Every structure is written in structure tokens, then in C-alpha cells.
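Good morning, and thank you for the time on today's agenda.

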Protein chains: 2
Amino acid sequence: MSSVLSNLNNGSAPGAGAGASASGPSPTFSPLYQQIKALITQSLQSGEWKPGELIPSEVELAARFKVSQGTVRKAIDELAQENLVVRRQGKGTFVATHHEVRAQFRFLRLMPDEGEPHSADNRVIDVKRLRAPAEVARLLEMKSGDPMIFIKRVQSFDGVPTILEELWLPGVLFKGLTAERLIEYKGPMYGLFETEFGTRMIRATEQLRAVCADEHAAQLLEIAQGTPLLSVERVSFTYGDKPVEVRRCLYLTTTHHYQNELS
Amino acid sequence: MSSVLSNLNNGSAPGAGAGASASGPSPTFSPLYQQIKALITQSLQSGEWKPGELIPSEVELAARFKVSQGTVRKAIDELAQENLVVRRQGKGTFVATHHEVRAQFRFLRLMPDEGEPHSADNRVIDVKRLRAPAEVARLLEMKSGDPMIFIKRVQSFDGVPTILEELWLPGVLFKGLTAERLIEYKGPMYGLFETEFGTRMIRATEQLRAVCADEHAAQLLEIAQGTPLLSVERVSFTYGDKPVEVRRCLYLTTTHHYQNELS
DNA sequence: CAGTGGTCTAGACCACTCC
DNA sequence: GAGTGGTCTAGACCACTGG
């Protein structure tokens, strides 16, 4: 009947209301739409519906979960708001993907002071297999010394080197990742991760600081040592709030700036 | 009857649906709940309900606007999401205010690298009446030379000068603002603006860059000239997306960082 | 206890998209 | 036209808050 959900609709009329009922000392309850949301998220995570694909319609999901369309709708509303899915009127609801202009700029806040953002051209400096340093391991909730993939690259805009990035990825999740794959791949790196390695970045936290370019950074960015740079340390998370990427970026902010909205 | 709204409910059954009907070449339509949202926003802006106060209940608003409670609910949902209003179950819906811990950190993203954020102590350096420079006027959609209030202050954490700010405010809106008022006032500056001058900051945009401390900044922050600083240029907006503050901050990021969420 | 927001349902009509 | 998400209603029960 009521599937696995803690819904208690039986015979009688409409009106349900989740929450505790008379029976059972069950400790925690969550609203029905939250449970639906969790179920849908599971299907997304498991790859039952892949990025870019259409998910079942609201009516179909309502039937599957034996709840009203309104409840499914509220669940999907929240998923859409968290950018896990995208609603398109008349078409349906799609799994979000990093292969869209739309999603690109959520994770790249560096904008030119004037004019529209150009696409960067990427120069891969290095791709190595390394052991996780203590700090990286801590941030990714792994053990120090676990196998990792380390990537260093420089991004240029209009031929001007502007971003120097160093990434750490869990070796287990990104086994076949090589410099060649990175170089030949067209499009955003998170798109590559998503389609080739089945790991989709959902959200990230960043810590920003102003620092001076050391000799190494100065050389790669072709600037004077001591030039002020914007340091951005990012931790990215996939489904289930699992951290899967540590990234340390240095942005040259002479003709660009980091754009942020406080709302 | 149907008030001022473009709702077309008459006699018949339930089910309404906004949008164009047979009559009239009316060009633009917006959903009912958007119109309700706009009306509520007007009441907030006009000061009919002041920050911290309780607004009428959903049922009361539904009656007033002659729509269903669900429609009012959707309008308020969006207002809550935009932080214009705060819902409290069992109590009611309140006008958001800057006099809450909750609201403080939305507009101050600088966090200590370790430990909990302390409250800053503020040292007002200067409060002047000036004419708007071209750049400030442009950002605030005013005319170059319009009367402005200029504020310069330094904020310290644990006795360490960390933030140097320069603010520009429209003189018309902040007439009675003096150094004394700023100094004697306890609590967040946006709280002062809200209660004393009736201008509530709703959202802001920030542009971040890494720069070097010039002589002036170095002196006030008690650091060496050339120290890298995080430059944050903010424009704040009040109701109706009207820009009412330009702020240029310099953050010392040796023991603090600018925290950001990408989601 | 009454009043508030929070959840859930069922059913209606709408605008949009694609065939 | 059929199918999708988007809006709207009316009514039910719930959890939480306060007197």
C-alpha cells in the first residue's frame, strides 16, 4: 500500500499531514514531500536518470509514490531550487548538467571588468598521481596518503594568463583521468567529470584571501613576483554532501574581478 | 469586486488561473500570487508594517485580497526566500530586520580562519558631507555633484585592525546622520539605517579584487605598505532594486577569509 | 484553548511544447 | 490534440505558540 513512506493515508477522506501518529515511538519524522525529494535524489545519484535526461512527469511520479501531484511538485520545486533539476514548461523536468551555459557561471565567478565573459583557453601544466597531503585528506574526509590525482593548469583570457589552479581529486573516483583526456576535452571540466566519471558537482564552498604571487606563480602567470593575487580555496561536494574536490586557485584581478551577490 | 487584481473569478466554480482572458488586448499579465507579492512588498516599503513587526496572518491577507490562502502563501513563500520576511510557525510572519544575529552575516562574509566570529569594534575615522564623484553617482543612479554623506571607519577584531571601509550614502536619505550617531549606536550599521532613517538594505552586489595596501591604508590598518588586501566594492539596494549605498572595503586576510557558498 | 504557519489532497483551468 | 509544468481554489488535518 503506502510504499515505504511514513504516510498514513488510509480509507477515509483526503487530508493527510505527515508527522507522528498514535502508534510507535518513532523518533524522527519528516514531511512527505521531503521523503519524496530524498527518493528522487537517490534516483539522480544512482544514475537512473542521467544528466540532461528527462525525468518522469509529476503525475507519473505521484502515481509511483502514491501521493498527490502537489506533494511531488513541492519536492521537485526544492530540487529545482538547489539546481539538481531544471523545469521546462510544456516539456518536462530535466536532470541538471554542467554542459550548459547556464551552469557554467555558477562555479566561475571571475568576470571581466568590461564586456562579456569570454571562454578561457586552458593549458594543462601537470597531471600526476600523488598521495593525499594531510590538509587535503582532512578536507575530503579521507586518509592522509590515500591515492589522489593532482592537476595543475593555467587559464587565459584573450591570451592573458589569468587563473592558476591546482586540483586534488580522489584517485578512486577518477581512475582513467589523464592529461590527454583533459586537454582534448572540449567544454567545462565539471562536464567531463560528470559524463566520463559519473561524479557531478552539486555545490561548493570557497574561502577568499589576498596574497602575493610567489616565484612559481609569477612565472606561470607571467607577472612580477609580489603581484597581489586573489586566492580562492574551494571544496566541491557531490550528492549526499560528500566532498570530492579540493582546488586552490590564484586569480589575477587586474582586468577581472570576482563577482558575488549578497541576497 | 475583484479589487484591483487581474483575477477574473466570478460566480462559477473554483479554479481560476490568471493570464489573459477573451476580453481586452491587455499586453502583460502576471500570476495572481506575483501581484499579491507586489502588494505586500508595497506595504513593507511604505512602512505600513515596520521591521520586526508581525504582518497580518495568511487568512487575513487572503480575505483582504479576495484570493485563496494558498495564493497568499505562495507570495509570502517567495518573500521569505528573499529575506524580506521571516516565518515563524505558530507565531506568524514578521518583517525581517537587521537587528538579528541571523541577518548580520548575510552582509559580512569575513570570517576568522579559526574559532567563532567575534563582534567587531568600530572606530569612526571620518564623517563628511561631500558632492558625489562621477563614479559614485553612476553606481547610485544619481547626478554627479549631488549631496552625499561620506563615512570612513576601521573595524578591529580582538584589537587587530582588519577592515577599512569608505561609504557613500545619498545625503537626501540620511540627513541627520552624524559621527556621534554612528559612534554611540550599538549594533549593526544597517540596523541604524533601518530604524533611524527608514532605509532597509535588501541585497547587495560585490566585486572582489586583490590589491596592495597604499600608504594611507597601511597606516590605518597598522600594516606594512604593499601588504596584499582584499578589495570589496559593494553596491547595496533597497526596495525596488534602488541602489542606496556604495562601499569600498579593504579586508586584511591574514587571519580572516571571505567565505562564500556556490550553490 | 484559539490562532498561526506547515503539510496534504483533489480537482480545475491555464500556457506552453511538440506532433 | 495530448502531455507537460504553472496557477488557483477549497478544505482538511497537523505542529507549534501563546494565553
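How does Arg64(A) count by relative accessibility: buried, partly exposed or exposed? Arg64(A) has a relative accessibility of 40%, so it counts as partly exposed. Please keep in mind throughout that this is a predicted model.

Let us stay with that residue. Arg64(A) forms a salt bridge with Glu48(A), and the closest N and O atoms of the two are 3.7 Å apart. Because Arg64(A) belongs to helix α2 of chain A, residues 58–65, while Glu48(A) sits in the loop between α1 and α2, the pair ties together parts that are 16 residues apart in sequence. Glu48(A), at 43% relative accessibility, is likewise counted as partly exposed.

A second pair in chain A also involves helix α2. Here Arg73(A) and Glu58(A) form a salt bridge, with 3.1 Å between the closest N and O atoms. Arg73(A) is in helix α3 (residues 69–81) and Glu58(A) is in helix α2, so this bridge ties together parts 15 residues apart in sequence. What of their accessibility? Arg73(A) is partly exposed, with a relative accessible area of 37%, whereas Glu58(A), at 11%, counts as buried.

I now turn to chain B. The side chains of Glu165(B) and Arg247(B) meet in a salt bridge, at 2.8 Å from N to O. This pair links distant parts of the chain: Glu165(B) lies in strand β7 of chain B (residues 160–170), Arg247(B) lies in strand β10 of chain B (residues 242–251), and the two are 82 residues apart.

Over all chains, the count comes to 36 salt bridges.

How many of the salt bridges lie across the interface of chain B and chain A? The rule finds four there. In one of them, Asp113(B) pairs with Arg209(A), and the closest N and O atoms are 2.9 Å apart.

In it, 30 residues of chain B are in contact with 30 residues of chain A. The area buried between the two chains is about 2,600 Å², and carbon and sulfur atoms give 47% of it. Ala210(B), Asn260(B) and Leu262(B) supply 25% of the area that chain B buries against chain A, more than any other three residues.

Polar contacts are present too, with 22 residue pairs counted between chain B and chain A. Strands β8 (203–212), β9 (228–238) and β11 (256–262) of chain B each supply at least two residues of the side that touches chain A. The largest share, 10 residues, comes from β8(B). By type, the residues on that side of chain B divide into 11 nonpolar, 10 polar and nine charged.

Finally, strands pair across the two chains. Strand β7 of chain A (residues 203–212) is joined to β11(B) by five bridges, and the two strands run antiparallel. Within this pairing, Ala204(A) stands opposite Leu262(B). Thank you for your attention.

Terms used:
Residues are numbered from 1 along each chain as its sequence is written. Chains are lettered from A and ligands numbered from 1 in the order in which they are written. This is a predicted model: local features need pLDDT of at least 70, side-chain atom pairs count only at pLDDT 80 or more; totals for chains, interfaces and linings use all residues. Side-chain values use heavy atoms; hydrogens and water are left out. Contact means heavy atoms within 4.5 Å. Buried area is the accessible area (1.4 Å probe) that two parts lose on being put together, summed over both. A polar contact is a pair of N or O atoms within 3.5 Å; within protein, one must be able to donate a hydrogen and the other to accept it, and residues adjacent in sequence count only if both atoms are side-chain atoms. Helices (H or I, at least four residues) and strands (E, at least two) are DSSP runs, numbered from the N terminus. Ala, Val, Leu, Ile, Met, Phe, Trp, Tyr, Cys and Pro count as nonpolar, Asp, Glu, Lys and Arg as charged, and the others, Gly among them, as polar. Two strands pair if DSSP finds at least two bridges between them. Buried means under 20% relative accessible area, exposed over 50%, partly exposed in between (1.4 Å probe, protein chains only).
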